[in-house]
Each structure stands twice: as C-alpha cells, then as structure tokens.
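Welcome, and please open the model in your viewer. Keep the selection tool at hand, and we will go from stop to stop together.

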Amino acid sequence: MDGNIWQQVLQIAFLLEMINTVPFVIGIFDHPLQNLFIPVFLNCWLAKRALESMVNDFHRAIHRTQSAMFNQLLILISTIICLIFTFICGVEHLQRAGKKLSVFDSFYFCIVTFSTVGFGDVLPDIWPSKLLVVIMICVALIVLPIQFEELAYLWMERQKSGGDYSKQRTETERHVVLCVSSVKIDLLMDFLNEFYAHPRLQEYYVIILCPAEQDAAVRRVLRIPMWSHRVIYLQGSALKDQDLVRAKLDNAEACFILTCRCEEDRNAADYQTILRAWAVKDFAPSCTLFVQILKAENKFHVKFADHIVCEEEFKYAMLALNCICPATSTFITLLVHTSQGLEGQHSPEDWHRIYGKCSGNEVYSIVLKESIFFSEYEGNSFTYASFNAYNKYGICLIGVCPDDTKKNILLNPGPEHIMKPLDVCFYISLTKEENSCFKRGCKNSPKTQPPTSSAITSMGTVAIDLQELSIPSSLGPSLSAETNISETRKPNMVPVLELPDSPSFQTANMFSDQSKNPYQPYTGDEETLDNGYPPDLPYIGSSPILCHLRKKKTPKCCMQLEKTCNHKDEEDVKAYSLKNKLIIVSAETTRNGLYNFILPLRASYRSENELCPIVLLLEHEPEAEFLETVCWFPMIYYLHGSIDSLDDLLRCGVSFAASMVVVDKESTMSAEEDYMADAKTIINVQTLFRLLSGLNIITELTHPANMRFMQFSAKDCHSLAFSKLEKKEREKGSNLSFIFRLPFAAGRVFSIGMLDTLLYQCFVKDYMITITRLLLGLESTPKSGFLCSMSITEEELCIETYGRLYEMLSSTVGDIPIGIYRTESQMLEPPETPLSQMSDKVSVFEEGKDPEEQDEAIPCELPDIQTHSLRRRSMQWASNLLGPWHAERDADRLSQQRGVLLSCSERLELTELVKKRMKNLGLSTHGFDRMNNNQSSHSYALINPSPDTKLELNDIVYIIRKDPLIKDERY
C-alpha cells in the first residue's frame with residue numbers, strides 16, 4: 001500500500017496538481033499571499049493527459065484495434081503544443097521583472113529558439129527567464145526525439161505491413177486481391193504486365209496480401225510511378241480475417257491465389273494454397289476465385305473455385321504434344337500471352353518479323369448475332385463460316401459455344417454444326433472485333449476480298465477453283481475419281497460438287513498424313529486394341545478421356561526394360577522388336593502428373609499407327625499404384641536409371657528415339673541462388689545434345705530466363721544476335737522478349753512459369769482455361785475436335801499458299817488449320833578451306849575407317865583438286881600484292897577454318913565414343929550416323945498466318961480436327 005502511495009505522489013501529474021493547488025489554497029487563508037503567482041498554464045499538461053485517456057476510452061468503446069499510429073501522432077502533437085504553450089507563458093510572466101515581452105514576442109522567441117535559428121533580436125535579460133529557457137530546451141531535446149523515434153518505428157512497421165485499403169476507396173474504385181506466400185520479382189512482373197495489358201483494367205487496383213516482408217527488388221518495383229499508385233502491398237495472412245478486412249476482400253472483384261513453386265515439398269505448398277482458398281471462400285463467398293495448384297491429386301480440394309490451373313496437368317500435356325505436334329508449348333504460350341505483335345518488326349531477319357507479328361494473335365469471343373465477322377454466316381455450317389471469315393477478315397474461327405448448351409465449348413464441331421444467332425464464337429485474331437476497323441456494311445476492307453473462284457463450302461457441298469488448284473493424289477480416291485481433276489481444268493469455277501454419299505468418306509482417308517507418319521507402322525502387339533476409359537484413375541478428379549487400351553493389362557515384369565522375365569530374354573528395348581520410334585521421358589519419380597503425359601498420346605481420336613512407344617527413365621523405382629494405372633495402355637515401359645548415365649540412356653533406346661523429354665526434378669527446384677535451380681538439368685541436356693545432336697530434346701526448366709543456356713555455344717553468331725535482339729525487345733518493354741531464343745521458338749524448352757498468364761488472362765477471358773484444356777487433350781467434350789498436325793509433302797506443295805490449304809481442308813475433311821511450324825536452314829557462308837587443310841580434314845575422317853564408312857562420315861563433297869590449286873595460287877599472288885593487311889585477314893580466316901575442323905573432329909570423336917559404347921552393350925549402331933547428323937537450322941511457330949503465306953516443304957500445319965465419332969447427318 002505504501003508503495004502505491006509513493007508511486008502516486010511521485011507522478012508528474014500529481015506534482016503539477018500540487019504546484020497549482022497548494023498556492024491557491026494558501027492564498028485563501030493568508031491574505032498577504034493572495035498576490036502570489038500561480039502557474040495555471042501548467043494545467044495544459046494535465047489536459048494532455050486527460051485527452052489521451054479520452055481517446056483510449058473511445059477506441060475501446062468502438063473496438064478499434066489498429067490505432068497505434070494515430071495514438072502516437074496525437075501524443076507527439078499534443079506534446080509539442082504543450083511545450084510551446086508552457087514556454088510562451090513562462091517567458092512572458094518571468095520577463096515582467098525585466099524587459100517586458102508581449103505574448104506575441106514570447107511566441108516569436110519560442111519558435112526562433114526551438115527551430116535553432118536564434119536571430120538574437122528578442123532575448124531574456126533576467127536569470128529566471130534564462131533558466132526557464134535552458135530547462136525547456138533540455139526537456140525538448142529529451143522528450144521530442146523519443147516521440148519521433150516511436151512514431152518512426154510505427155511508421156516503418158506500417159510500411160512493412162502495408163497499411164490498409166480504406167472502405168471509402170472501395171466505393172469509387174475497383175480492385176483485385178493477389179494472395180501469395182512469397183512475392184518474387186518475376187512472378188510480380190508477369191502478373192502486372194499481363195493484368196494491365198487489357199485496356200479496361202487500367203483503373204483497377206491490385207492489393208497484394210503476403211505474409212512475408214517485401215524484398216529489395218519488389219520494393220524498388222513498387223516505387224516506380226507506373227505501379228506505385230495502383231499496387232498496394234499488405235503484409236498479412238489470408239487465414240486471418242482482420243487481414244482480409246484490411247484488403248477489403250468482400251468488395252474485391254476477384255482473388256488470385258498463387259502457389260510457391262520453389263518449395264521442395266510441393267504437396268506442402270499445395271496444402272497452404274488450399275487453406276487460403278478455403279479461408280477466402282469462407283470470408284467472401286461471392287468473390288470470384290482464381291486458384292493455382294501444383295499437384296494434380298490436390299485439385300479436387302478446390303473444385304469450388306471459379307477457375308483452376310493445375311500445373312502438373314498442363315505441363316505434362318504440353319510436353320507430350322510437343323512430341324507429336326512440334327512446338328505445341330510455344331504455340332500455347334504465345335496464345336495465352338497478351339501482345340500487340342510488334343516484337344521483332346525492326347529486325348533485318350524476315351522470319352523475325354513474321355514470327356513476331358503472328359505472336360500477337362490471341363483468342364477472343366463474341367456472340368454471332370452481335371458480330372460483324374460472323375453474323376452473315378447465320379444458318380451456314382461451321383466450316384463454311386470459318387473459312388470465309390478467314391478469307392475475308394484474316395481471323396480463324398476455332399470453336400463455338402452452342403446456344404443450347406450454354407457451357408460446353410466445342411472446338412471445330414465440323415460441318416454438321418449450323419451457326420445460330422446465340423452461338424458464342426471463339427476466334428484467333430490480332431485484335432478483338434470491337435477494336436478492329438471493320439464497320440457493318442463496309443465493303444472496302446484492308447483484307448483481300450475472296451475471289452469469285454474461291455472455294456465456298458456448306459453442308460454437303462464443295463466448290464473448288466479448278467483453274468488454279470489441283471487436288472493432290474493424297475486425297476481420297478472417291479473424290480479424285482469423281483471430279484477427274486487432271487482432265488477438267490477450266491478457266492471458270494466448276495459446278496458445286498456433292499460429296500460422295502458413302503460412310504467410308506471419313507477424315508482418316510482424306511490425307512495421306514493421317515494414315516502415315518515419319519515412323520514405321522504400329523505392329524507391336526498381336527492383339528487388337530479397344531477404345532474405352534482407363535479402369536484405374538491415378539487421382540480423384542482426373543478427367544475421363546476415351547483412350548486406346550489393351551484387352552489385358554501388361555504384366556509389370558514386361559514393362560521393366562532392365563530385367564528379364566518369362567516373356568522376354570534380353571534386358572534392353574530391342575527385346576520388344578518395336579518398329580515405331582520411341583518417346584523417352586526422363587523423370588525423377590512416377591508422379592501422378594505423368595499420367596497426363598500418357599493420356600494425350602493414347603487418346604482414342606489418334607489412329608493406332610500414330611502410337612509411339614513410351615519409355616520412362618526413372619531415378620527412383622515406380623510406385624505400384626502408378627504401374628497399375630498405366631499397364632492398361634499399350635507400349636508403356638520404364639527403366640530404373642538416370643539421364644546422367646550414358647549406359648542407361650542407350651539401354652532405354654535413345655539411339656533410335658524420336659524425342660527425349662527431360663522433366664524438371666522437384667529436388668532441384670530450389671537453390672540458394674534462385675536461377676541456379678536449373679544448373680544440373682541444363683548441363684545434362686547440353687551433354688546429351690553434344691553426344692546426340694540429332695535427337696529432339698524437349699526440356700522443362702524452373703526459370704524461363706535460363707532458356708538462353710539451352711544448346712549453348714559461345715561462338716554461335718546467330719545465338720549472339722538473338723541475345724542482342726532479346727535485350728532490345730526487353731528495353732522496349734516487351735512481355736515476350738524471350739520468343740526469339742531458338743530453343744523456345746522451336747519448342748525444345750518450356751517452363752511452367754510461362755503459363756502463369758493463363759490464369760491471369762481468365763479474369764478478362766473466362767473461357768481460356770477450357771479452350772487450352774481442349775487443345776491439350778485434358779478434357780473431352782462430345783462433338784469437340786482435337787489438336788493434331790500434318791506435314792507438307794511434295795504433293796501438297798501444289799496447294800501453294802496457306803489460304804488455299806485452309807480452303808482445301810475445310811471444304812473436304814472439315815479440318816481447321818490454326819498455324820504452321822516451319823524449319824529453315826541458317827544461311828551461313830562457309831569459310832574457304834585451303835587444299836592443305838582440306839587434306840588434313842580428310843585424313844581426320846579417314847583414320848581407322850573402312851572405305852564405306854568414309855562416305856558416311858564426310859558431310860560434304862570434296863571440291864575439284866585442280867580448281868582448288870588454281871584458287872590457292874591466285875590467293876597467294878593477291879596476298880603478296882596486298883601485304884600485311886591481307887595477311888591478317890588470312891590469319892582470321894584460317895583460325896575460323898581451324899575452329900570448323902576442330903568442331904568436326906570433336907563431333908566425330910564423340911560419335912565414335914557413343915558407337916563403341918553401344919557395341920559394348922550389344923546394341924546395333926545402324927542409322928546412328930544419320931541420326932547424329934547436326935544440321936544448321938532453326939524452327940518457329942506461326943499462329944494464324946496470312947492467307948498468302950507460301951507453303952514450304954516439310955512445313956507442319958497445326959490443325960483442329962473434328963471429332964471422328966461425329967456421324968454425318970446426311971448419311
């Protein structure tokens with residue numbers, strides 16, 4: 001009790017009360033002391049204390065918990081006011097004994113003193129005033145820094161947590177919330193660039209809700225004026241309601257929940273995402289939810305979300321389609337990125353300009369009756385509308401959402417579908433119709449109008465211009481025989497032809513590409529295959545797809561290549577006598593996502609002769625549940641080994657494989673330095689590329705920026721030129737600066753981070769995920785088509801242009817082409833090789849070889865010896881005339897020639913090394929030299945090229961083929 005009394009007595013408030021009360025009480029009883037001065041102005045400190053108590057009580061009454069900043073600011077302001085008021089009143093009173101100062105002079109002196117200016121025109125001239133000034137300065141130097149420090153600390157803490165998004169702003173502004181466990185600069189920039197690429201989203205605000213503090217890179221970006229006024233960072237958790245209140249999630253237009261893919265335990269990362277999704281749905285049930293999930297088996301936990309992207313599903317499906325439709329990953333990546341198609345337009349390379357322009361194509365939608373492009377085709381067939389809209393406006397109609405289904409999107413429903421006014425049309429174009437220059441009723445358009453002799457297709461009819469186009473012999477014999485094209489070339493359009501009324505007139509018989517492929521026909525098992533749904537699904541929520549299945553499941557012993565069993569005697573892939581080239585997948589474990597790699601390659605809409613054997617090269621033993629799932633699929637094998645071992649690669653058949661898919665390992669997805677996570681994968685692939693330069697290697701990387709190291713060559717002038725072009729595009733602010741990297745353009749490298757934009761784009765285009773899943777074969781809808789490809793042979797070259805091919809495919813078999821995969825030779829000027837070095841080159845090739853092997857080893861024919869001798873003498877004569885300058889040029893040329901020879905000898909040495917190892921393993925080396933022939937070329941994908949694009953030999957055309965199960969209503 002005594003302690004409490006002394007504590008009360010020694011308080012400043014009690015002392016101030018005594019100073020003001022005791023003289024007043026004494027003056028009441030002692031009249032001489034009534035004139036004693038009482039410092040009533042000191043009561044301002046008591047008023048300050050009372051004000052603070054009132055504010056605290058008020059906050060408790062309204063249950064306000066986030067008022068620390070306000071309280072500290074109030075304390076600071078009241079302290080400064082009390083100090084100034086005390087100083088003014090004290091100086092004014094004490095100076096009455098000396099040179100009198102007015103209240104204003106005292107105020108002036110106080111401000112000049114506290115601001116440390118000290119003009120000296122007003123001064124205290126008696127010692128009590130001077131003592132008061134010293135005391136007040138000491139108090140200010142002690143009290144004010146403490147208050148400012150506390151305020152600065154709270155301000156820094158508030159900056160870390162991000163503050164609040166006020167309720168008043170939600171009434172006039174629109175915002176979305178981005179929930180992530182950690183913000184990386186690449187992820188942030190991808191989101192912001194894609195989100196704000198759409199004009200109607202420019203006024204939206206982005207609230208980032210993250211439990212971690214901002215790192216330096218993110219803080220720098222958010223201070224850029226372009227982002228600082230519309231991106232707000234809040235440090236908090238989606239599992240706390242108070243943080244969701246701060247983000248005003250209940251008023252948000254949408255919430256994006258992203259998963260950290262750099263976690264070693266990807267299941268744990270998914271579990272965090274699932275809890276965030278549950279918390280958001282519980283707090284704001286009406287908020288549109290976009291969820292990114294990593295593992296396929298965790299997807300069913302967030303089925304309630306409006307839009308879901310499962311990385312494993314999309315990743316494996318893209319890698320699989322890359323094996324049969326080259327550069328599918330590049331095609332889809334470009335399709336889901338927002339771009340204006342301006343990349344590479346200032347490049348001197350022709351393919352840069354056309355490739356960059358075509359990369360600006362995107363998928364758009366519009367209701368038919370509201371469309372300028374499609375309204376005129378109401379009542380016509382889908383293929384009729386698709387070709388004529390392409391020929392007239394340069395847009396590619398790829399699918400519809402019929403008005404009677406409302407939800408089901410159909411890709412290329414075929415000529416059987418009749419266009420209706422309420423059908424939603426999905427088309428590929430450089431810009432959406434609403435932003436185009438076409439006007440209803442406008443007859444003059446920038447596109448070339450279709451000629452009167454163009455093909456006009458409708459239900460059951462075909463009109464073909466026989467003057468300029470002849471149907472190749474690869475078409476079905478029924479159509480060729482009936483039209484007799486070779487004998488009926490006339491200057492005018494022939495009468496409309498009726499398609500043969502025969503059920504045998506099906507898609508599979510129209511083009512030879514559909515019945516043959518670059519591999520040998522499938523003759524693997526004697527038993528025929530059935531079409532059906534896989535009896536064992538690997539995880540809950542996997543989409544049922546009609547597939548080619550065995551009547552009896554494969555024994556697990558026969559699926560393993562490295563061990564003998566009762567059904568085979570040898571331990572490698574040659575024991576199966578497979579005639580189709582292999583697809584090899586190098587993975588760490590048998591994840592459930594691998595099922596989505598097999599699914600598109602065994603879908604029932606692909607003919608049996610297109611089925612290539614799949615060999616899984618696994619570092620760990622496969623799980624029994626996974627083998628039980630895939631044993632029903634034909635030609636699925638596995639080998640326990642690693643991509644690091646050349647013996648394992650050779651035993652699994654890499655020497656005669658069509659494609660090698662290298663899947664990113666979960667154990668290497670995180671590293672101390674982020675971009676080093678791909679180091680081991682890049683080196684392994686580079687080694688494999690050096691050993692087997694002719695193998696089509698498709699690699700998955702964790703970070704897209706690392707694709708510049710794929711197939712790296714320090715002396716490759718083309719790669720260096722593309723690197724400079726990429727830097728220029730990045731400086732211009734392009735979101736697709738990486739597209740000119742040769743491995744990406746050719747579809748040989750892919751990073752799942754490139755697909756993040758698919759989820760972001762769905763905020764504006766809610767149909768994009770469904771269309772992408774249909775293209776990749778992850779979903780199947782009755783009457784919906786599928787993505788495949790056809791190769792342009794010499795017979796198809798007579799079609800000449802892509803527009804003519806579009807006409808041919810849509811009018812005959814009902815296929816819709818959507819792009820071209822083109823391979824071009826790099827135009828390199830070979831260095832002139834002196835005869836002496838040419839002889840050295842020959843000796844290198846001929847050493848230790850038979851005469852028959854020499855012809856295969858020498859990549860080019862030797863020039864005529866007499867011509868070379870004359871050329872060498874003329875060069876020597878010119879060198880003597882030109883002197884040292886020409887000698888330097890000769891030295892440079894000779895160094896280049898030596899580099900070429902060293903490269904050739906190194907490649908031959910590696911080839912011999914691999915062949916010797918194959919012989920030691922008992923493997924045949926037949927055809928290995930031809931496979932290992934490294935040709936200098938580059939490939940790229942063109943989305944929806946112009947109709948006048950010339951077709952070239954070996955072009956691969958992406959087509960959406962109609963569902964083969966659709967029965968023509970005419971039959």
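The tour below starts with a word on the model and then moves through sheets, cores, helices and loops.

This is a predicted model, in which local features need pLDDT of at least 70, side-chain atom pairs count only at pLDDT 80 or more, and totals for chains, interfaces and linings use all residues. Residues are numbered from 1 along each chain as its sequence is written, and side-chain values use heavy atoms, with hydrogens and water left out.

**Stop 1: the parallel sheet**

Helices (H or I, at least four residues) and strands (E, at least two) are DSSP runs, numbered from the N terminus. Two strands pair if DSSP finds at least two bridges between them.

Please select the open sheet of six strands, which has the order β3-β2-β1-β4-β5-β6 and parallel pairing. At its edges stand β3 (231–235) and β6, each with a single partner strand, so one side of each has no neighbour in the sheet. On average, neighbouring strands here are turned by 15° against each other, direction ignored. Axes are lines fitted to C-alpha atoms, for helices over the stretch in contact, and angles run from 0 to 180 degrees between N-to-C directions.

Next, show β4 (residues 254–257) and β5, which pair in the parallel sense over four bridges. I257 has V291 in β5 as its bridge partner. Move on to β5 (residues 288–293) and β6, a parallel pair that also has four bridges; here I293 stands opposite C310 in β6.

Which way do the side chains of β6 (residues 307–310) point? H307 and V309 point one way, I308 and C310 the other way, and all are buried. Buried means under 20% relative accessible area, exposed over 50%, and partly exposed in between (1.4 Å probe, protein chains only). In a regular strand the side chains alternate between the two faces of the sheet.

α12 (residues 266–283) lies across β4 and β5 and runs at about 175° to β5. α13 lies across β5 and β6, running at about 55° to β6. Contact, here and below, means heavy atoms within 4.5 Å.

**Stop 2: the nonpolar cores**

A nonpolar core is a set of buried Ala, Val, Leu, Ile, Met, Phe, Trp, Tyr and Cys residues joined through side-chain atoms within 4.5 Å. The largest one has 187 residues, and F256 and F597 have the most contacts inside it. Helix α13 (residues 311–324) gives the most to this core, with eight residues.

Center on F256: leaving aside neighbours within four places in sequence, its contacts include V176, L178, F191, F290 and F763. A second, separate core has 29 residues, among them I232, L234, I274 and L289.

**Stop 3: a helix pair**

Select α16 (residues 382–393) and α27 (residues 802–812), which pack at an angle of about 170° with their axes 10 Å apart. These helices are therefore roughly antiparallel to each other. Angles under 35 degrees count as roughly parallel, over 145 as roughly antiparallel, 65 to 115 as roughly perpendicular and the rest as oblique.

Show T383, S386, F387 and Y390 of α16 together with Y802, G803, Y806, E807 and S810 of α27 to see the contact.

**Stop 4: the antiparallel sheet**

The next selection is an open sheet of four strands with the order β7-β10-β8-β9 and antiparallel pairing. β7 (362–367) and β9 (410–411) are its edges, each with a single partner strand, so one side of each is left without a neighbour in the sheet. β7 and β10 (residues 424–429) pair over six bridges in the antiparallel sense, and S365 has F426 in β10 as its bridge partner.

**Stop 5: loop residues**

Go to T781, in the loop between α26 (768–776) and β21 (786–791). T781 is buried, with a relative accessible area of 16%. T781 and N408 lie 373 residues apart in sequence, yet 7.3 Å apart in space, C-alpha to C-alpha.

Finish with two phi values. Most residues other than glycine have a negative phi. T116, however, has a positive phi of about 60°, and N944 has a positive phi near 45°. Are these residues buried or exposed? T116, in the loop between α5 (103–114) and α6 (127–161), is exposed at 71% relative accessible area. N944, in the loop between β23 (937–943) and β24 (956–961), counts as buried at 6% relative accessibility.
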